[in-house]
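Please keep the sequence and the model at hand while reading.

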Amino acid sequence: MSLDRITFALLLLGVAGCRDRGGDAAVASDASDDASTTAADPSGDSGTTGAPDEPKQAASLRASVKRKAPDVYARDLSRALGLGTDELCLELSQYDCTSSHRIALGGVDPYDRAVYEPLAEPGISSPLAIDRIALSACGERVTRDLAGEGLVFAELADGTASADDRAAIVDRLVLRLLRRPAEPHELEAIAALADDPNIPDARTWGQLACFAIATTLENVFY
Amino acid sequence: MEQRAHFTPRVLGVLAAIVVAAHAHDAAAQPTGPAAFCAAYPDAPACDAGAAACDTCHETPPARNLIGRAIEEGLLPGEDRPLDPEVFADALPGALLAIEGLDSDDDGFVNLDEWLAGSDAADGDSFPGGQVCDGEPDKSAWRYDVCSYDARFTFTRVMIDVCGESPTYEEIEEVAAAEDPRALIHETLDDCLQSEAWRGRDGVLWQIAHRKIRPLAALKAGASEGDIPLGDYEDDYNLFVYTQIDGHDARELLTAGYHVERTDDPTTYVPYARTPAQDTAARGAGVAQLTEIDRRAGMLTTRWNFVLNTMFTPIPRTTAAAAYRSYLGLDIAKMQGLQIGAALPADYDNKGVAADECAVCHSTLDPLTYPFSRYVGLGGGAPGDYRANRMLSYVDTEGPGIVDTPEAGAIFGQPVDDLVEWAAVAADSDAFAQATTRDYWVLMVGESPRDIDVAEYTTLWTDFEGDHAYSVDAMLHDLIDTEAYSVP
């Protein structure tokens, strides 16, 4: 797949992923009359909400999240996709990506480089490192499933995927990666990406669906 | 200089900052400020521990924030600076009263409301309101209950923070559906505290230790030896972790007369007490711990500590400051933990420490350092070797006055005869309990305690040094029940 197609597909997935879900702490409720909590924004702005028929999650009063440490992110991905942590991603086919990009991923390198604490702010390459690991791991899972393992993408075995198949895959991915059932609008949005002419085949859709979920804020932070 | 005992270690530790006048012409915030603020506003959340934090009025002291600058304008204008501390304290309430009705950070809330609500009146992003869940929230429709303890959220956090991986959906739902989710979560914490992710090599506890031990592969002795092997810092990690696990007394971090061996796969930590000769025979001169047992003080007297921090220095101020910062949470470079009114230091090594601009810090730092001065770093003996007459070695380089350097010193204004006593005072101090608790608070909650967290944080560290007898495990069980940790 060409870089342009991947980029466009990623942009589409990014738009879909940015739509607020019920569990998104950034969602603020309206300061409506009866059943409401005090919104964190004193301006009274209702902020963004989920899909029109979605229940409104009140905003977190503390709104403090932490970024997963590199090994935690790797283990979670490994467990969700049924891959060893050493099978997720290799740079130059040799070097474990989590180790290679440890500082960018929020880790430390105390012995050789005297980096004793994580960087206070993520670097410009931090999201790129996450993306590389997720894209590689998702691709590996798709490849193995198409070869017969059938752990996550069994429905893609024949190279096609009906709407129901896609919904089942997305639901499975969300359950494994985000540890909750998928919201209806998530199923719809990610499944519908297969209709995009820039996504050439079911295999690519599967990899990018996995990538989109694996790189959500909900999976990178906690 | 007259001794002014305005601060007990308790106050110092909770607030972790002492402000010292840096410029003679400025109305500098003085150590009486925090207590005077709380005398005026005793119900302010920031005063739960007795005195307000220095960042109520300051950025890094003595620099003033919006509140500090607002106070400055109305605080005895025209009076010569620096103000006498008592004059300052008497005038401060009036200056605070004058700015109560101002909105210094322009966030829509006047200063008084912010002080009484516990938000930061100098930070426009911190404001009262939005901190109460009122009405009848539809919690059944929420992903997370942001108004109270959330079992799913807390369980997931504990699993990630301590076990190093997220739980599965099934595991989360099992906890949420349990009759007593809290009990299950505490059981999970107990299991996770035994995990390799927590206590194993390069696990979570090692991550805390990195900034205290400051390893350097090039100087490592033993396994994976560096180019210039001088000491094995893995002994330090082993001792650090041992004191933090299995209900051990964390004070032994500073008071232990033993060292710890580690085996991997699975990881175990076993203490041992060998004399330098025995350890040399057992492990070789390149890695042996060379401080006699009766001169040991835990992490303060490891070979690596002396190699890295003391090195060739007769009066090892870096060693003392590193210990003060790492284990007591007081960074002298940020003017924290300074003993106001301490006597001017004698200049044993001709470094100019008695000059006005230097004595501000060195009147505290030098007495803090003297007990470390009898332990060899590099040169003149083996690293960690205690030598009562060590100063004689430095006459040629430092001058004859160096031999007058005492071994007796002081910590928190309390005289101590030697480093072992220094360590005992430090370990029993509120500062140690606060610093240890703070390390885990930052690790687990993800940030330093906010103003609204003062009450919970204070309870946590006082129980740590009280009911929990310095057991980190017990403290963590309390921590995961705090609102700061368990409410999304």
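B:Ser224 counts as exposed, because its relative accessibility is 68%. The cut-offs behind such words are as follows: buried means under 20% relative accessible area, exposed means over 50%, and partly exposed lies in between, with a 1.4 Å probe and protein chains only. B:Ser224 lies in the loop between α10 (204-213) and α11 (234-244) of chain B. Its phi is positive, about 55°, although B:Ser224 is not a glycine.

The model is predicted: local features need pLDDT of at least 70, side-chain atom pairs count only at pLDDT 80 or more, and totals for chains, interfaces and linings use all residues. Residues are numbered from 1 along each chain as its sequence is written, chains are lettered from A and ligands numbered from 1 in the order in which they are written, and side-chain values use heavy atoms, with hydrogens and water left out.

B:Met311 also has a positive phi without being a glycine, here about 50°. B:Met311 sits in the loop between α14 (303-310) and α15 (317-328) of chain B, and its relative accessible area of 35% makes it partly exposed.

| Peptide bond | Form | Omega |
|---|---|---|
| B:Arg81 to B:Pro82 | cis | near 0° |
| B:Asp265 to B:Pro266 | cis | near -5° |

B:Pro82 belongs to the loop between α3 (66-74) and α4 (85-99) of chain B. B:Pro266 belongs to the loop between β1 (259-263) and β2 (268-272) of chain B.

Chain B as a whole has 22 helices and 4 strands. Helices (H or I, at least four residues) and strands (E, at least two) are DSSP runs, numbered from the N terminus. Of the 488 residues in chain B, 56% are buried.

How do helices α6 and α8 of chain B cross? The axes of α6(B) (residues 151-163) and α8(B) (residues 181-192) come within 9 Å and cross at roughly 5°. Axes are lines fitted to C-alpha atoms, for helices over the stretch in contact, and angles run from 0 to 180 degrees between N-to-C directions. α6(B) and α8(B) are therefore roughly parallel to each other. Angles under 35 degrees count as roughly parallel, over 145 as roughly antiparallel, 65 to 115 as roughly perpendicular, and the rest as oblique. Among the residues making this contact are B:Phe155 and B:Val158 of α6(B) and B:Ile185 and B:Leu189 of α8(B), where contact means heavy atoms within 4.5 Å. The residues of the contact of α6(B) with α8(B) divide into 10 nonpolar, 2 polar and no charged. Here Ala, Val, Leu, Ile, Met, Phe, Trp, Tyr, Cys and Pro count as nonpolar, Asp, Glu, Lys and Arg as charged, and the others, Gly among them, as polar.

Helix α7 (residues 169-177) of chain B packs against α8(B) at an angle of about 135°, with the axes 7 Å apart. That angle makes α7(B) oblique to α8(B). The contact joins B:Glu174, B:Val175 and B:Ala176 of α7(B) to B:Pro181, B:Leu184 and B:Ile185 of α8(B).

Helix α19 (residues 430-445) of chain B is mostly covered, with 13 of its 16 residues buried. Just after α19(B), B:Gly446 takes a positive phi of about 100°.
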